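Welcome, and thanks for opening the viewer. Let's take a walk through the model, one selection at a time.

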Amino acid sequence: MSRRGGAWQALMAFMRKEVRHLLRDRRTLAILLLLPLAQLLLFGFAVRTDITSVRVGVVAPAPDAAAAALRARFEHGGRFLLLPPIATAAALEPLLRAGRVDVGVVLEPAMAASLAAGQAVRVLVVADAVDPNTGTMMQNYASAVLRDWQASLGAAPGAVTLETRVRMRFNPTLESVNLFVPGLIALILTMVTSLMTAISLSREKEQGTFELLLVSPLHPWQIIIGKVLPYLALAMANVVTVLLAAWLVFGVPFRGSVVLLLAASMLFALVGLAVGVLIAAVTSSQLAAMLAALGGMMLPNTMLSGLIFPVASMPRPLQFVTGIVPARWFIEIVRGIMLKGVGVSLLWPQLSVLLLMLVVLLALAIRRTSVRLS
Amino acid sequence: MWRALRVLLRKEFLQIRRDTVILRMLFIMPMIQLLVLSNVATFEVKTAQLWVVDQDHTPAARALADRFTASGRFAVAGWSVVAAPGEDALLSGAATAMLVIPPGFARDVVRDRHAVLQLVLNAENGSQAGVTQAYAAEIISRHARELGGETWQPARRGGVVHGAGDAAPVRGRPVIEVRTRSRYNPSLDYRRFMVPGILVQLITLIGTLMTALNIVREKEAGTLDQLNVTPVRPAVFIAAKLLPLWVIGLVEFAVGVLVAAVVFRVPMEGSLPLLFLGAGVFLLAALGVGLWVSTVSDTQQQALFVTFSLMMVYILMSGLFTPVRAMPSWVQVVAQLNPMMHFIAMVRAVLLKGAGIADVWRQLLALALLGTGILALAVAQYRKRAA
């Protein structure tokens with residue numbers, strides 16, 4: 001048998017052993033396969049940004065017809081929960097502070113009379129803006145009710161109306177789950193590839209079994225491939241199950257090519273594995289490997305990738321930093337394919353960046369590993 | 001028993017002090033995280049790149065487009081006469097919004113006093129698209145009022161609408177002037193909102209992970225079995241493990257609060273002792289979860305993975321990034337069991353709103369119940385496993 005064939009056989013035998021190893025640890029396997037699904041369900045059901053029950057307190061010093069009319073508008077506004085009338089602006093304060101009121105609408109005394117007399121009436125909308133986004137949103141909702149009310153009181157003759165037809169592209173129902181599924185895939189892939197390989201390789205180092213492998217007739221590259229491939233298979237299995245669940249449970253769209261999506265996932269998984277191998281090569285204990293994987297890969301891939309926070313909203317210098325975060329490019333690719341249905345013609349820059357990262361990381365990982373081994 | 005506890009405690013403190021990796025993990029990593037994360041964690045809607053499809057070619061159309069750029073909320077990414085280039089820009093991400101001004105726009109405004117515009121938004125991120133839409137709606141309605149010859153027009157400045165309050169109503173039409181005020185965070189600074197939450201997230205992660213890893217490491221090394229054959233009672237052993245970590249958690253929290261105040265200028269409106277009371281109670285729960293994780297894990301790898309998965313659930317259901325009140329009601333009920341949710345709410349209320357014990361006693365009570373409950377369950381579980 002040729003030398004090449006022998007190497008291939010040895011690799012296969014070694015991989016069989018590794019797969020069996022992975023399959024025997026039922027608990028870890030169950031965790032690795034089931035938890036991503038649990039996370040998907042959580043993302044899909046729990047993560048929303050739109051508040052549908054804004055608690056509104058109307059402060060009317062002298063309840064009159066106008067105040068009653070306004071209260072009725074809020075009551076039928078759909079997304080409001082109208083609280084009992086509040087007598088004074090001073091009484092609003094403790095309610096806001098204790099978080100029992102989200103928005104206070106403060107009216108002038110004798111509003112109905114002022115309106116009838118054609119006088120300008122002031123309304124103050126006070127929102128709890130501890131969370132700036134939610135605060136602004138709730139403020140906008142309340143202001144919209146007031147605008148509608150004003151419009152219903154009669155439009156001036158000769159007023160111009162500009163009707164705006166709004167079309168929400170790529171995610172017409174504004175489901176957060178559509179936004180989060182691509183990011184979740186990135187997160188799961190990072191966890192299974194970088195974190196798991198880094199730990200499992202450094203564990204062998206810690207326990208001394210890696211040295212045993214080195215005196216075996218296997219080449220270092222065979223050892224690495226044999227160690228890494230089962231995790232790649234597991235990672236891809238995760239991608240498939242999560243995508244299926246996203247599609248079946250949440251109806252997340254797949255507008256582009258599924259093949260391209262899987263290919264990109266494979267590429268990203270390989271980048272993650274290369275990072276995992278590199279981390280194992282440069283660290284000496286499981287704990288150190290864990291910390292390096294967490295700080296070097298998990299955190300940036302979660303926080304600097306656009307998974308939760310839009311990259312465009314970050315300060316400029318940090319936007320540059322996101323350039324070296326693999327997940328940032330991968331998430332752009334997956335969102336592009338799934339939500340926009342774009343293909344390689346628009347995604348080649350992102351794909352090339354990932355490919356370049358893979359080449360550089362592999363070169364580094366191979367060098368560091370062989371240095372360590374000699 | 002007290003002697004055993006004292007000896008074990010000294011051993012734990014010595015071990016932690018000697019372990020430079022752990023010490024680094026304890027202080028440097030959280031600080032870097034706090035500094036970086038606080039700048040990253042923002043949903044602020046920045047200037048939207050607007051593609052204008054001008055099919056009208058009139059000064060009126062151009063004036064409307066100018067309105068968008070003058071607002072500062074929009075920048076023109078490109079112009080075209082047909083929609084196709086705009087659609088491409090939306091696909092490639094070069095534009096986030098597209099305004100289509102149809103042919104006959106200027107004529108319609110003059111003749112019918114009514115015209116139709118089309119606004120197309122990239123809604124991948126639904127909430128950002130919603131905010132962008134609200135800005136656009138405001139600009140368009142203001143433009144319409146001006147076209148109608150109205151003089152009353154509020155101008156938005158720093159979140160407060162300054163209206164010409166005493167202006168006479170135009171042509172006998174009732175005028176309602178709406179002013180808005182943002183309480184507790186008037187500058188709408190995201191960092192004031194995020195820093196307290198991230199602080200809680202950090203001490204949770206450290207507390208839970210440290211506890212779990214600390215015990216599992218002894219398990220892996222076999223030293224736990226050795227301890228089990230000594231006369232040390234499990235309760236003493238657990239107390240010796242948890243006390244140092246509890247102290248570390250509080251120190252960590254103190255350092256974090258200091259950074260929040262000095263670096264991020266997070267207002268310290270409320271009582272610090274109240275805050276630390278909350279932290280002490282909260283840490284019971286965080287450490288309890290770590291203890292529980294150590295009972296279900298055999299290896300550090302498993303402990304890490306379980307902790308991470310739990311943390312993810314914790315964080316997503318805590319109101320740290322997305323408001324709990326936006327979640328479906330059954331999720332809100334489940335979230336009541338999440339100590340992190342109560343503590344984040346408490347820290348934000350105390351620091352930003354100056355809430356006192358009368359305002360946050362519910363959160364404090366929930367923390368006390370959850371903390372003792374989780375810890376008791378974890379101890380029971382640990383004893384069962386150890387026996």
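## Where the chains meet

Between chain A and chain B there are 5 salt bridges. Keep in mind along the way that this is a predicted model. To see one of those salt bridges, select E124(B) and K340(A), whose side chains pair with an N to O distance of 3.7 Å.

Now show both chains together. How many residues of chain A are in contact with chain B? The contact takes in 103 residues of chain A and 107 residues of chain B. The area buried between chain A and chain B is about 10,000 Å², and 63% of that lies on carbon and sulfur atoms.

## A helix pair across the interface

Next, select helix α11 of chain A, residues 286-303, along with α11(B). Their axes come within 11 Å of each other and cross at roughly 30 degrees. With an angle under 35 degrees counting as roughly parallel, α11(A) and α11(B) are therefore roughly parallel to each other. The crossing of α11(A) past α11(B) is right-handed.

From α11(A) come Q286(A), L287(A), M290(A), L294(A) and M298(A), and they face Q300(B), Q301(B), L304(B) and F308(B) of α11(B) in the contact. Sorted by class, this contact of α11(A) with α11(B) holds 6 nonpolar and 3 polar residues, with no charged ones.

## Staying with α11(B)

The contact of α7(B) with α11(B) counts 11 nonpolar, 5 polar and 2 charged residues.

## Last stop: a pair in chain A

Finally, select helix α9 of chain A, residues 220-250, and helix α10 of chain A, residues 258-282. Their axes are 10 Å apart, and the helices pack at an angle of about 140 degrees. α9(A) and α10(A) are therefore oblique to each other, and their crossing is right-handed.

Colour the contact residues: among them are I224(A), V228(A), Y231(A) and M236(A) of α9(A), and L261(A), S265(A), M266(A) and L273(A) of α10(A). By class, the contact of α9(A) with α10(A) has 15 nonpolar residues, 1 polar residue and no charged residues.

Note on methods. Residues are numbered from 1 along each chain as its sequence is written. Chains are lettered from A and ligands numbered from 1 in the order in which they are written. This is a predicted model: local features need pLDDT of at least 70, side-chain atom pairs count only at pLDDT 80 or more; totals for chains, interfaces and linings use all residues. Side-chain values use heavy atoms; hydrogens and water are left out. Ala, Val, Leu, Ile, Met, Phe, Trp, Tyr, Cys and Pro count as nonpolar, Asp, Glu, Lys and Arg as charged, and the others, Gly among them, as polar. Contact means heavy atoms within 4.5 Å. Buried area is the accessible area (1.4 Å probe) that two parts lose on being put together, summed over both. A salt bridge is a side-chain nitrogen of Lys or Arg within 4 Å of a carboxyl oxygen of Asp or Glu. Axes are lines fitted to C-alpha atoms, for helices over the stretch in contact, and angles run from 0 to 180 degrees between N-to-C directions. Helices (H or I, at least four residues) and strands (E, at least two) are DSSP runs, numbered from the N terminus. Angles under 35 degrees count as roughly parallel, over 145 as roughly antiparallel, 65 to 115 as roughly perpendicular and the rest as oblique. A crossing is left-handed if the near helix is turned anticlockwise from the far one by less than a right angle, and right-handed if clockwise.
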